[in-house]
Amino acid sequence: MRLRPTSPPPPRGSGRGAVMESAVEELMPRLLPVGDCDLAEDFDPTMPPRTPSEYLKRVQIEAARCPDVVVAQIDPRKLRKKQTVNISSLNKHRNHWKAQHLDSNVTMPKSEDEEGWKLFCLGEKLYSETTIAVSGNENLGIDYIKIGFPPFLSIVSRMNQATITSVLEYLINWFGEKEFTPELGRWLYALLACLEKPLLPEAHSLIRQLARRCSEVRVLEENKKEEKVSALNLLICLVSRYFDQRDLADEPS
């Protein structure tokens, strides 16, 4: 049972202060009656209380000195120095790699160029599904036009979130009709690593589509090649665990 004060409350003020006082009492009603305390003549509020009456009086005095509203004075410069920020190693080095010059043979397609990105990532050989003879002259180096450009940090660091999402969509569409290859797997992994959370709605739908496609291909894999199955498992794990799509996770064995 809640006890109410036995003596009438002190007269209230008027205006905004009275309204605030009333609101506070509604949120924190008095549970015990506290009237005027009988204090000794030598009562000193700066000294530790000697009796219950002195303790209650001290509480009343301290409460009366507290303002109704307190505004904290915060220096944002001090907060910035003490923040704990967890970022991936890719984001940590993004600015460094973005500043590196690309080779003269690297021309990144525009964001909306779907066929251009498929050719850029997968190469002419895979894109056209033809066998291209490899020259025996080692001095020519690697022909990335034919075999596709790997997702170097100097390349993916230049891609904003809109481009990353677009390229991810292009490659998932490709994967929906084609076989899983190491070139495709490397790019899918790199793009997932570049996706920032929280995900945009379109990216959320894409990664779920990717995980389901990986599950389908894994089931249909006749030879159960360890390298291929491991890559598919990794992509499913990233989508389900890192991006919190738990319903797509593999059941623990």
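Colleague: At what angle do helix 6 and helix 10 pack?

Modeller: This is a predicted model, where local features need pLDDT of at least 70, side-chain atom pairs count only at pLDDT 80 or more, and totals for chains, interfaces and linings use all residues. Residues are numbered from 1 along each chain as its sequence is written, and side-chain values use heavy atoms, with hydrogens and water left out. Helices here are DSSP runs (H or I, at least four residues), numbered from the N terminus. Helix 6 (residues 114–127) and helix 10 (residues 182–194) have axes, lines fitted to C-alpha atoms over the stretch in contact, 10 Å apart, and on a scale from 0 to 180 degrees between N-to-C directions they pack at about 165°.

Colleague: Roughly parallel or roughly antiparallel, which is it for helix 6 and helix 10?

Modeller: Angles under 35 degrees count as roughly parallel, over 145 as roughly antiparallel, 65 to 115 as roughly perpendicular and the rest as oblique. Helix 6 and helix 10 are therefore roughly antiparallel.

Colleague: Which residues of helix 10 make the contact?

Modeller: Contact means heavy atoms within 4.5 Å. Helix 6 brings Trp117, Phe120, Cys121, Leu122 and Leu126. From helix 10 come Glu183, Leu184 and Trp187.

Colleague: Is Cys214 buried or exposed?

Modeller: Buried means under 20% relative accessible area, exposed over 50%, and partly exposed in between (1.4 Å probe, protein chains only). Cys237, at 39%, is partly exposed. Cys214 has a relative accessible area of 0%, so Cys214 is buried.

Colleague: How many helices does the protein have?

Modeller: There are zero strands in the protein. The count of helices is 12.

Technical notes:
Helices (H or I, at least four residues) and strands (E, at least two) are DSSP runs, numbered from the N terminus.
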